[in-house]
Amino acid sequence: MFDAVKSGDALAIRVAERFGEYLGKGLAIIAGVVNPEVFVIGGGVSKAGEILFDYIRPAFEKTVFHGSKDARFALATLGNDAGIYGAAKLILGNAR
């Protein structure tokens, strides 16, 4: 979908705006509880790249409690493979 956003598709942009609004508000609520330094976005949605943050940030900043406004957003370096690495670590870590 974000490929369509990058190419300027109007419907995809509207969907991305709605998605960003929901995710931004949700992360703002979480930030109010745990006060994170950074939110690391992984999995399939991370394939969107940095453009994802352009849609999340406005709703986050509008909703977040002042004390958590400095929370940053970052893309997971393992992307969609994080689960595979975690499972391998569990198996190898317990194989002793």
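# Contacts and helix packing in a predicted model

Me: Which residues does Ser46 touch, not counting residues up to four places away in sequence?
Reply: Ser46 touches Ile41, Leu75 and Gly79 once residues up to four places away in sequence are set aside; contact means heavy atoms within 4.5 Å. The model is predicted, with local features needing pLDDT of at least 70 and side-chain atom pairs counting only at pLDDT 80 or more, while totals for chains, interfaces and linings use all residues. Residues are numbered from 1 along each chain as its sequence is written, and side-chain values use heavy atoms, with hydrogens and water left out.

Me: Where does Ser46 lie?
Reply: Ser46 is in the loop between β1 and α3. Helices (H or I, at least four residues) and strands (E, at least two) are DSSP runs, numbered from the N terminus.

Me: And is Ser46 buried or exposed?
Reply: Ser46 is buried, because its relative accessible area is 9%. Buried means under 20% relative accessible area, exposed means over 50%, and partly exposed lies in between, with a 1.4 Å probe and protein chains only.

Me: Change of topic: at what angle do α2 and α3 pack?
Reply: Helix α2 (residues 10-34) and helix α3 (residues 51-63) pack at about 45°, and their axes are 7 Å apart. The pair is therefore oblique. Axes are lines fitted to C-alpha atoms, for helices over the stretch in contact, and angles run from 0 to 180 degrees between N-to-C directions. Angles under 35 degrees count as roughly parallel, over 145 as roughly antiparallel, 65 to 115 as roughly perpendicular, and the rest as oblique.

Me: Which residues make that contact?
Reply: On α2 they are Ile13, Ala16, Glu17, Phe19, Gly20, Glu21, Leu23, Gly24, Lys25, Leu27, Ala28 and Ala31; on α3 they are Leu52, Tyr55, Ile56, Ala59, Phe60 and Thr63.

Me: How many of them are nonpolar, polar and charged?
Reply: The contact of α2 with α3 has 12 nonpolar, three polar and three charged residues. Ala, Val, Leu, Ile, Met, Phe, Trp, Tyr, Cys and Pro count as nonpolar, Asp, Glu, Lys and Arg as charged, and the others, Gly among them, as polar.

Me: What is Gly20 in contact with, leaving aside its neighbours within four places in sequence?
Reply: Gly20 is in contact with Tyr55, Ile56 and Ala59. Gly20 is found in helix α2, and it is buried, with a relative accessible area of 0%.

Me: What about Ala28, which residues does it touch, not counting those up to four places away in sequence?
Reply: Ala28 touches Phe60, Thr63 and Val64. Ala28 is also in helix α2 and counts as buried at 4% relative accessibility.

Me: How many residues has the largest nonpolar core?
Reply: The largest nonpolar core has 18 residues, and those with the most contacts inside it are Phe2, Leu27, Phe39, Phe60 and Phe73. At least two residues of this core come from each of α1 (2-6), α2, β1 (38-41) and α3. Such a core is a set of buried Ala, Val, Leu, Ile, Met, Phe, Trp, Tyr and Cys residues joined through side-chain atoms within 4.5 Å.

Me: One last point: what is the phi of Asn35?
Reply: Asn35 has a positive phi of about 45° although it is not a glycine. Asn35 is in the loop between α2 and β1 and is partly exposed, at 48% relative accessible area.
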